[in-house]
Amino acid sequence: MKKLFSLSIFLMIVAFGYAQQPVIEFKVKEFDFGKIKEADGLASTVFEFTNTGVAPLVISGVSASCGCTTPEWTKEPVAAGGKGFVKATYNASGRPGPFRKSITVKSNASEASVVLIISGEVTPRPKTTEELYPAKMGDIRLKTKTTPLFDIYRGQSRTDRIEVINTSDKEVAFTFANVPKHIVLEANPSKLKPQETGSIVITYNAKNVDDYGTRVDAVYAVINGNQLLTDEYKLTINSNLREDFSTLTSAQKENAPVADFQAKSVSVEVKKGEKKQVTVDLKNSGKDNLLIRKVKIEKGVSKASVSKSTIAPNKTVQLKMDVDAANLTEDLLSKVTVITNDPKNPTSVISVNIKVAK
């Protein structure tokens with residue numbers, strides 16, 4: 001009986017203490033802006049609350065789930081029966097699309113933490129000409145001056161295009177210079193009226209280039225007859241020339257060469273300005289001749305080569321790599337890429353871990 005009496009007294013004290021607290025009651029805890037315009041920037045709503053308790057209510061802090069939402073709130077104590085607010089401002093600028101954000105309100109109320117929600121969808125503002133065509137080339141603006149890296153099989157052709165606009169108040173004619181034989185460029189139309197849009201049509205004929213792997217070609221636009229071989233007028237065309245193995249018969253695949261590198265990485269320590277050579281064995285584990293199509297180097301490796309470009313079945317050669325630390329001041333992970341006629345693994349990458357001695 002004594003324990004039951006003590007428990008009853010304790011519960012009465014807790015209930016009395018709870019009854020003496022402030023109580024925060026919001027009219028609504030969630031607000032949907034619906035569709036708002038990105039161009040309008042800021043959008044705000046106010047969440048009103050009432051202190052339905054018997055003690056003053058103090059908001060100790062309000063935090064938003066991201067920096068895109070800025071809260072404001074009643075800073076003074078709200079007396080019993082009084083009203084206050086929490087204002088939420090969402091910055092729609094640069095944030096097209098749907099959103100749903102939370103605002104956490106902390107106070108001395110019986111419910112110490114309350115979460116409010118704002119949501120909606122931002123309709124994107126119309127983009128400016130500069131945003132639609134960010135690259136500049138004299139009086140011409142372009143979507144880009146660099147084509148994405150595209151795969152193309154040797155012997156085939158591929159066409160791409162770059163959209164352009166004449167932003168000047170006069171007609172502009174443009175042609176091209178420094179164009180290699182495997183690339184055909186056409187301005188469509190060749191003359192753009194003021195504010196007229198058009199395109200540069202790029203036709204890449206892989207049958208006219210004797211190369212393998214990634215390749216970068218630079219061409220230059222000639223505006224109104226003015227030929228300026230500068231970066232502003234340069235177009236960069238990226239390609240990855242691949243050998244087409246799709247026509248191989250089952251027997252040819254069975255008897256194909258196999259580029260079997262005995263290691264896929266090497267490490268070498270050099271002093272600043274020093275040169276060293278490292279090697280990796282390459283064995284043809286297949287049944288037909290292995291042909292070395294191309295050896296490509298990166299920074300830190302000045303030269304890489306094999307003694308033979310044709311490797312007979314079951315024969316081994318060395319891939320020799322000259323490491324040059326002349327311009328190195330810190331450690332570097334370089335690469336040597338070897339392209340062969342191995343249909344299963346035509347591109348092999350050897351990592352060269354260069355450690356520069358202090």
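Predicted model: local features only at pLDDT ≥ 70, side-chain atom pairs only at ≥ 80, totals over all residues.
Four strands, β17, β19, β23 (290–297) and β27 (332–340), each supply at least two residues to the lining of the largest pocket. Eighteen residues line the largest pocket, and the closest to its centre are G213, N240, R242, I339 and T347. By class, this lining is made up of six nonpolar, six polar and six charged residues.

The second largest pocket has a volume of about 160 Å³. Of the 13 residues in its lining, L248, A256, P257, D288 and N341 are the closest to the centre. Sorted by class, the lining of the second largest pocket holds six nonpolar, four polar and three charged residues.

Let me return to strand β19, which spans residues 234–242 and is mostly covered, with seven of its nine residues buried. Which strands pair with β19? In the parallel sense, β11 (residues 150–153) pairs with β19 over four bridges. Within that pairing, F150 has S239 of β19 as its bridge partner. In the antiparallel sense, β17 (residues 213–223) pairs with β19 over eight bridges. There, D217 stands opposite I237 of β19.

I turn next to an open sheet of four strands, whose order is β20-β22-β26-β24 and whose pairing is antiparallel. Why is one side of β20 and of β24 left without a neighbour in the sheet? Strands β20 (259–261) and β24 (301–306) stand at the edges and each has a single partner strand, so one side of each lacks a neighbour. From one strand to the next, the twist of this sheet averages 25°. Strands β22 (residues 275–284) and β26 (residues 316–324) run antiparallel and are joined by nine bridges.

The next topic is the disulfide. How many disulfides does a search of the whole structure find? The search finds one. This disulfide is formed by C66 and C68, whose sulfur atoms are 2.0 Å apart. The torsion about the S-S bond of C66 and C68 is about -55°, and the disulfide is therefore left-handed. Are these two cysteines buried or exposed? C66 has a relative accessibility of 23% and so counts as partly exposed, whereas C68, with a relative accessible area of 4%, is buried. The cut-off that separates them is 20%, under which a residue counts as buried.

Finally, I come to some details of the backbone. In general, most residues other than glycine have a negative phi, and most peptide bonds are trans. N188 and P189 are joined by a cis peptide bond, with omega about 0°. P189 lies in the loop between β14 (183–188) and β15 (191–192).

Two asparagines have a positive phi. For N178, phi is near 65°. N178 is placed in the loop between β13 (172–177) and β14, and its relative accessibility is 51%, so N178 counts as exposed. For N224, phi is about 50°. N224 lies in the loop between β17 and β18 (226–227). With a relative accessibility of 37%, N224 counts as partly exposed. Strand β17, at one end of that loop, is also among the strands that supply the lining of the largest pocket.

Terms used: Residues numbered from 1 in each chain as written. Heavy atoms only, no water. Buried < 20%, exposed > 50% of the residue type's maximum accessible area, 1.4 Å probe, protein only. Pairing = 2+ DSSP bridges. Disulfide = S-S within 2.5 Å. 1 Å grid on protein atoms, 1.4 Å probe; cavity = no way out; pocket = protein on both sides within 12 Å on 5 of 7 lines; lining within 4 Å. Nonpolar A, V, L, I, M, F, W, Y, C, P; charged D, E, K, R; others polar. Points joined across faces, edges and corners; volume = space filled by probe spheres on them. Axes fitted to C-alpha atoms, helices over the stretch in contact; angles between N-to-C directions.
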